[in-house]
Structure formats: C-alpha cells, structure tokens
Amino acid sequence: MKVNVKNHTMMYPAPAVVVSAYDMDGNADACTLAFATMCSHHPPAVMIAINSTLKRKTLKSILQSEEFCLAFPSVEHLAEVDYLGIESGYNADKLSEINFHHHKALKVNAPIIDEFKVSLECRVMHIVEVGSHTQITGEIVNVQSDESVLNEKGKVDFELLDPLAYDDITHSYYKTGERLSGAFKPGLVFRK
Ligand SMILES: Cc1cc2nc3c(=O)[nH]c(=O)nc-3n(C[C@H](O)[C@H](O)[C@H](O)COP(=O)(O)O)c2cc1C
C-alpha cells in the first residue's frame, strides 16, 4: 500500500558537491551544495541551485565573476564539506579554517580546492530564478583530476573517488557503494 508523505524537494541519490568562486577582492569562497546535476552533453554542462532568499556569499561571487569550480568531495572529507555548508564566507575564512588550499583554475578565474580529487572548471551559461533558488548552468570548460582516482584507461573511477552522497530528507551523509554492472547492456534482456 502506498501512503502520501511530506511534499519535499527530493532526488535519489543526491551528491554533496562544493562550488567555489573568487569574490571582488580575489578571496576564495566555497560552499556545499546538494542541488547539483548534469544537464547537457554538447556543450558539457552542469546545473547548480543556490538559495537566493538567504545570504550566500558564494552565490554573489559566482554571479559577479560568472565563473566557478565544482568539486566532488570524497567520503574522507565529510567533516570539511559539512563545515563549508554550515558556515558562511561572510563570517569566516572557511578554507583556511579547515586547512584546505586552493589555486587558480587553468581555464577559468575561479579557485580549485587542492584537497578535492576531481573538479570541474565552469563558465556561467545561463541563470534562471526557480522559486527560492537561483539556478545556474555552467559550461564545463576543463576537468582536473588527481591521478590517484583514475583507472587504467585514464578515466575517473567512481569507487576510487568514493564521492559523498547526501539525503535532504533525513539531513544525512551517505557512502555510495560498489559497482553493480556496466550500463546500456543489462536492459537488453527485455528487448524483443
Ligand atoms: C549537505 C549540505 C547541502 C547543501 N546544499 C545547498 C544547496 O543545494 N543550495 C544552497 O543554497 N545551500 C545549500 N547548503 C547550504 C550552504 O552550503 C550554506 O548556507 C553555506 O553556509 C553558504 O556559504 P556562503 O555564504 O559562504 O556561500 C547546503 C549545506 C549542506 C551542509
């Protein structure tokens, strides 16, 4: 039997990513986001949504600079990711507090956080207000990865990266788990 549960924004699985941008003075801002997903292959693009009804310093910096980086934190950095999501850059130099380092990205003027193993360099393509959030589409102009999370074919390996997942319903972090199968093949058993 199905029952109605509370109407809430939800998506499974949802990531916990960290976006970063420089403010007008060249200081690096970074905050944690669960509202983030892929949205185009050509050009490669991702979409993020940041609450515009609350004061988010990183949103202001992304809108000003029109460039940002998006990192996929590994499970090992859970506490640092949480801190980046509970403190504001208006009150603290968050990256220094967690002893993280950053440098200017290769193709965009935005900070890449060294401790995160995979980062996208993005240029803002499109901005739209969606209810409480500003939804920003970023064209991915470069991807940087630690060699340590690449497989033998030079591709990012999901299990080596061990990306952090987040559940907005119970406000909990999750580990994502093991590879089950290749895609685009198991469904062939149903094709007539
Ligand atoms: C796990 C997690 C996920 C979050 N997801 C979002 C999100 O998708 N959008 C958003 O606007 N804020 C989100 N936040 C809240 C911001 O990260 C938080 O308000 C942060 O302090 C903003 O920092 P800033 O002012 O330095 O930009 C999330 C926080 C956590 C802990």
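Helices (H or I, at least four residues) and strands (E, at least two) are DSSP runs, numbered from the N terminus. By that rule the protein has four helices and 12 strands. The model is a predicted one, so local features need pLDDT of at least 70 and side-chain atom pairs count only at pLDDT 80 or more, while totals for chains, interfaces and linings use all residues. Residue numbers start from 1 along each chain, as its sequence is written.

**Stop 1: the whole chain**

Show the C-alpha trace. Along its principal axes the trace spans about 60 × 45 × 35 Å. The radius of gyration, taken over C-alpha atoms, can be set against a globule rule of 2.2 Å times the number of residues to the power 0.38. For 192 residues a compact globule would come out near 16 Å, and the protein's 17 Å agrees with that.

Next, colour by burial. A residue is buried if 20 or more other C-beta atoms lie within 10 Å of its own, exposed if 12 or fewer, and partly exposed in between, with C-beta atoms placed from the backbone. Buried residues are 30% of the 192.

Two residues are in contact if their C-beta atoms, placed from the backbone, lie within 7 Å. Of the contacts with a separation of 6 or more, 62% join residues 24 or more positions apart.

**Stop 2**

The ligand is surrounded by 21 residues, and the closest are F35, T58, G85, S88 and G89. Two or more residues each come from β3 (28-33), β5 (45-51), α1 (57-65) and α2 (78-86). Which element gives the largest share of the shell? It is β3, with four residues.

Now colour the shell by residue type. Ala, Val, Leu, Ile, Met, Phe, Trp, Tyr, Cys and Pro count as nonpolar, Asp, Glu, Lys and Arg as charged, and the others, Gly among them, as polar. The shell holds 10 nonpolar, six polar and five charged residues.

**Stop 3: the core**

A nonpolar core is a set of buried Ala, Val, Leu, Ile, Met, Phe, Trp, Tyr and Cys residues joined through C-beta atoms within 7 Å. The largest one has 37 residues, of which V17, V18, V19, I48, C69 and L70 touch the most other members. Strand β2 (residues 17-22) supplies the largest share of this core, five residues.

Pick I48. Leaving aside neighbours within four places in sequence, I48 is in contact with V19, L33, F35, A36, L70 and I136.

**Stop 4**

Two strands pair if DSSP finds at least two bridges between them. Strand β4 (residues 36-40) pairs with β5 in the antiparallel sense over four bridges. The two strands form a hairpin with four residues between them. Select S40 and its bridge partner in β5, A45.

Strand β5 also runs antiparallel to strand β10 (residues 133-145), joined by seven bridges.

The peptide bond from H42 to P43 is cis, with omega near 0°.

**Stop 5: the sheet with β1**

Go to P13, in the segment before β1 (14-15). The peptide bond from Y12 to P13 is cis, with omega near -15°.

From there, show the open sheet of three strands in the order β1-β11-β12, with antiparallel pairing. Why is one side of β1 and of β12 (172-175) left without a neighbour in the sheet? These strands stand at the edges and each has a single partner strand. Two bridges link β1 and β11, and P15 has A165 as its bridge partner in β11.

**Stop 6: two backbone angles**

Select E66, in the loop between α1 and β6 (67-71). Its phi is near 60°, a positive value in a residue other than glycine. E66 is partly exposed, with 17 other C-beta atoms within 10 Å.

Then select D162, in the loop between α4 (158-161) and β11 (164-167). Phi of D162 is near 55°, also positive in a residue other than glycine. D162 counts as partly exposed because it has 18 C-beta neighbours inside 10 Å.

**Stop 7: H103**

Finish at H103, in strand β7 (residues 102-104). Is H103 buried or exposed? H103 is exposed, since 10 other C-beta atoms lie within 10 Å. Not counting residues up to four places away in sequence, H103 touches P111, I112 and D114. Draw a C-alpha to C-alpha distance from H103 to A28: the two are 9.2 Å apart in space and 75 residues apart in sequence.

How values were computed. A residue is near a molecule or strand if its C-beta atom, placed from the backbone, lies within 6 Å of it.
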